Amino acid sequence: MRHRLSGIRARAISLLKKNDLFRAPVDVVALAERLGLTVVLEELDDDVSGLLMVKGGKAIIVVNAEHHPNRQRFTAAHELAHYALHNSGADHLFVDRKVFFRDEAAATGEDVQEIEANKFAAELLMPKALLGQALEDENIDLLDDFDVHRLARKFKVSEQALGFRLASLQLIS
Ligand SMILES: [Zn+2]
């Protein structure tokens, strides 16, 4: 599991660099489009964050139009992960009823793909190197709530997602 997860970090960073999108805030829609996917906002049940439809070799990411833009970005990155990591090319529908920000949940059975997708989304939207650079360039104090808010705005992620990410990188406890 640990080995697979470290491969996911490398994969996310290489996709960003190869597509010249390695800067904050990461443009996840542009990345999806460069990979040939279409991203659309649609009205969905409130408990559905988004879905990935693969049909006839084409792929569409649908994101819940009613959700907060930061959450939509995380959902789009999560669906992009299913495309990049779990798509065999065969027709398939991935539906995500909730997207968690944690990547350390119990790794059992089919949850593995969800853990991987969340890990990929966090690596994509909040690359370690870009976070480190922002902490330095913008003189961010992670013990200061206002600074954490600024950092979340810079990366266009929720403070909750950022908090999980900083904890998982052991930048905060
Ligand atoms: Zn998923």
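## The sheet

Two strands count as paired when DSSP finds at least two bridges between them. With that in mind, let us look at this predicted model. Four strands form an open sheet in the order S1-S3-S2-S4, and their pairing is mixed. Strand S1 (38-42) and S4 stand at the edges with a single partner strand each, so one side of each has no neighbour in the sheet. On average, neighbouring strands here are turned by 15 degrees against each other, with direction ignored.

Strand S2 (residues 50-55) pairs with strand S3 (residues 58-64) in the antiparallel sense, over 6 bridges. Within this part of the sheet, Leu52 stands opposite Ile61 in S3.

## A helix across the strands

Next comes helix H3, which lies across S1, S2, S3 and S4. The helix runs at about 155 degrees to S3.

## The zinc site

Now for the metal. The zinc ion is coordinated by His78 (NE2), His82 (NE2), two OD contacts from Asp96, and Glu114 (OE), at 2.0 to 2.7 Å. Along the sequence, these donor residues follow the spacing H-x3-H-x13-D-x17-E. His82 belongs to helix H3 (residues 69-86) and Asp96 to strand S4 (residues 92-96), so this pair ties together parts that are 14 residues apart in sequence.

Are His82 and Asp96 buried or exposed? Buried means under 20% relative accessible area. His82 has 0% relative accessibility and therefore counts as buried. Asp96, at 3% relative accessibility, counts as buried too.

How values were computed. Residues are numbered from 1 along each chain as its sequence is written. This is a predicted model: local features need pLDDT of at least 70, side-chain atom pairs count only at pLDDT 80 or more; totals for chains, interfaces and linings use all residues. Side-chain values use heavy atoms; hydrogens and water are left out. Donors are N, O and S atoms within 2.8 Å of the metal (3.2 Å for Na, K and Ca); water is not among the atoms, so sites may look incomplete. Helices (H or I, at least four residues) and strands (E, at least two) are DSSP runs, numbered from the N terminus. Buried means under 20% relative accessible area, exposed over 50%, partly exposed in between (1.4 Å probe, protein chains only). Axes are lines fitted to C-alpha atoms, for helices over the stretch in contact, and angles run from 0 to 180 degrees between N-to-C directions. Contact means heavy atoms within 4.5 Å.
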